[in-house]
Amino acid sequence: TRFNPFMMGALVVFKLTIPFLLVACAFSALLRVLRRPRYGVYFVMLLLADVMSMHFFFCVTNVGSWLDIGNSLSRFGILNSQVVFVLLLFGLSDVYTRDLSPGGDLVPSSKRL
């Protein structure tokens, strides 16, 4: 085998994304069976993320060691990227749970049209 850091990095990211996608699919299926609005839940998560983002924004510091400065900026940046990540997970889970009817049965895509 040959050392390929980009391929190994892509595999690690893929391996870390699979559990998040499974939880998002289960959550989306649960919301679909219970007939709850999925994007309403996303907006509640967005509101909570904005509150946490304001907290981390006020915790960003420019004094102290470089480690403290980097940690405070990293927390703020990771939380802001979480909003986009969760939106992508909701979109992918919607694709994977599209054939699930509100009653809980699987409906083939061709019969739904």
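In which helix is Ser28 found? Ser28 belongs to helix α1, residues 5-33; helices here are DSSP runs of H or I with at least four residues, numbered from the N terminus. The model is predicted, so local features need pLDDT of at least 70 and side-chain atom pairs count only at pLDDT 80 or more, while totals for chains, interfaces and linings use all residues. Residues are numbered from 1 along each chain as its sequence is written, and side-chain values use heavy atoms, with hydrogens and water left out.

Ser28 counts as buried because its relative accessibility is 4%, and buried means under 20% relative accessible area with a 1.4 Å probe, protein chains only. Leaving aside residues up to four places away in sequence, Ser28 touches Arg38, Ser93, Asp94 and Thr97; contact means heavy atoms within 4.5 Å. With Thr97 there is a polar contact between the two side chains, at 3.3 Å (a pair of N or O atoms within 3.5 Å, one able to donate a hydrogen and the other to accept it; residues adjacent in sequence count only if both atoms are side-chain atoms).

Terms used. Helices (H or I, at least four residues) and strands (E, at least two) are DSSP runs, numbered from the N terminus. Buried means under 20% relative accessible area, exposed over 50%, partly exposed in between (1.4 Å probe, protein chains only).
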